[in-house]
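Keep the 3D view open as you read.

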Amino acid sequence: MTALAEATEIREVATPHGPARVHLHPAPGDVRGVLLVGHGAGGGVGAPDIVAAAGVANAAGLHVGLVEQPYRVAGRRAPAPAAQLDTAWTAVCAAVSGFEAGWDAAPLLVGGRSSGARVACRTAAATGAAGVLCLAFPLHPPGRPEKTRAGEIDAVTVPVLVVQGERDPFGRPGPAPGREVVVIRGDHSLKSDVSGLRTAVGTWLDARLRR
């Protein structure tokens with residue numbers, strides 16, 4: 001697989017909760033769509049699973065935008081409330097279509113790692129996403145299966161791919177109509193089986209783009 005090249009530009013986008021940042025990774029050839037990916041609660045867009053998935057998407061002909069939420073841009077590690085995350089994410093998705101040529105290409109796919117996957121699921125309808133990529137979707141807090149977030153992913157009506165580590169303490173969603181779940185070696189970080197992650201993402205993207 002081709003490694004993800006350095007971002008060609010880092011662009012700020014105004015949101016109701018402060019500026020977000022989008023790291024732009026244009027497709028190297030003909031543009032077949034756009035993928036926007038958000039980070040986890042305490043991490044950034046340089047997480048290994050995000051970079052691996054973005055590299056696969058780039059190689060498949062997708063413009064990729066790696067999105068930093070306003071709280072991270074402001075230097076905070078503690079995440080903003082869910083409603084603020086969702087509002088900021090929706091604003092970024094709307095703004096990206098107004099970037100230079102190609103960033104309005106269809107389909108628009110969205111996704112994220114952990115908390116970012118939850119945001120992408122909750123806002124899938126509002127952003128008009130054609131598919132959602134979930135890297136390590138946190139089904140519940142560790143040791144608290146009764147605190148399920150299943151409703152967030154169950155509400156998504158477009159195709160979903162979940163890539164989850166087999167030893168993830170946050171649990172994992174089960175497969176469902178329109179939802180594929182790929183379990184790979186490792187835990188919540190998804191660092192142990194980058195090859196398996198790339199294969200899962202590449203196969204799913206190929207199916208989405210052929211349609």
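## A covered helix

Which residues of helix H4 are buried? In this predicted model, they are Ser115, Gly116, Ala117, Arg118, Val119, Ala120 and Cys121. That makes 7 of the 8 residues of H4, so the helix is mostly covered.

What does the covering? The elements lying over the buried residues of H4 include strands E3, E5 and E6. Helices H3, H5 (124-127) and H6 (150-154) are also among them.

## An enclosed strand

Now turn to strand E7, which spans residues 160-165. Because 6 of its 6 residues are buried, E7 is largely enclosed by the rest of the structure. In a regular strand, side chains alternate between the two faces of the sheet. Here both faces are covered: Val160, Val162 and Gln164 are buried on one side, and Leu161, Val163 and Gly165 are buried on the other.

E7 also has strand partners to look for. Strand E6 (residues 131-135) runs parallel to E7 and is joined to it by 4 bridges; within this pairing, cysteine 134 has valine 162 as its bridge partner. Strand E8 (residues 179-184) is parallel to E7 too, with 6 bridges between them, and there glycine 165 stands opposite isoleucine 184.

In soluble globular proteins, nonpolar side chains tend to be buried together. The largest nonpolar core in this model has 33 residues, and those touching the most other members are Leu36, Val110, Val132, Cys134 and Phe137. Two or more residues each come from strands E2 (20-25), E3 (33-38), E5 (108-113), E6 and E7, and from helices H3 (82-96) and H4 (115-122). H3 gives the largest share, 5 residues.

Leaving out residues up to four places away in sequence, it touches Val110, Ala120, Cys121, Ala124, Val156, Val158, Pro159, Val160, Leu161 and Trp204.

## A loop histidine

Where does histidine 17 sit? Its place is in the loop between strand E1 (9-13) and E2. Histidine 17 counts as partly exposed because its relative accessibility is 33%, which falls between the cut-offs of 20% for buried and 50% for exposed.

Beyond its neighbours within four places in sequence, histidine 17 is in contact with Pro70, Gln84, Thr87 and Ala88. The C-alpha atoms of histidine 17 and alanine 88 are separated by 6.5 Å, although the two residues are 71 residues apart along the chain.

Conventions. Residues numbered from 1 in each chain as written. Predicted model: local features only at pLDDT ≥ 70, side-chain atom pairs only at ≥ 80, totals over all residues. Heavy atoms only, no water. Buried < 20%, exposed > 50% of the residue type's maximum accessible area, 1.4 Å probe, protein only. Pairing = 2+ DSSP bridges. Core = buried A, V, L, I, M, F, W, Y, C linked by side-chain atoms within 4.5 Å. Contact = heavy atoms within 4.5 Å.
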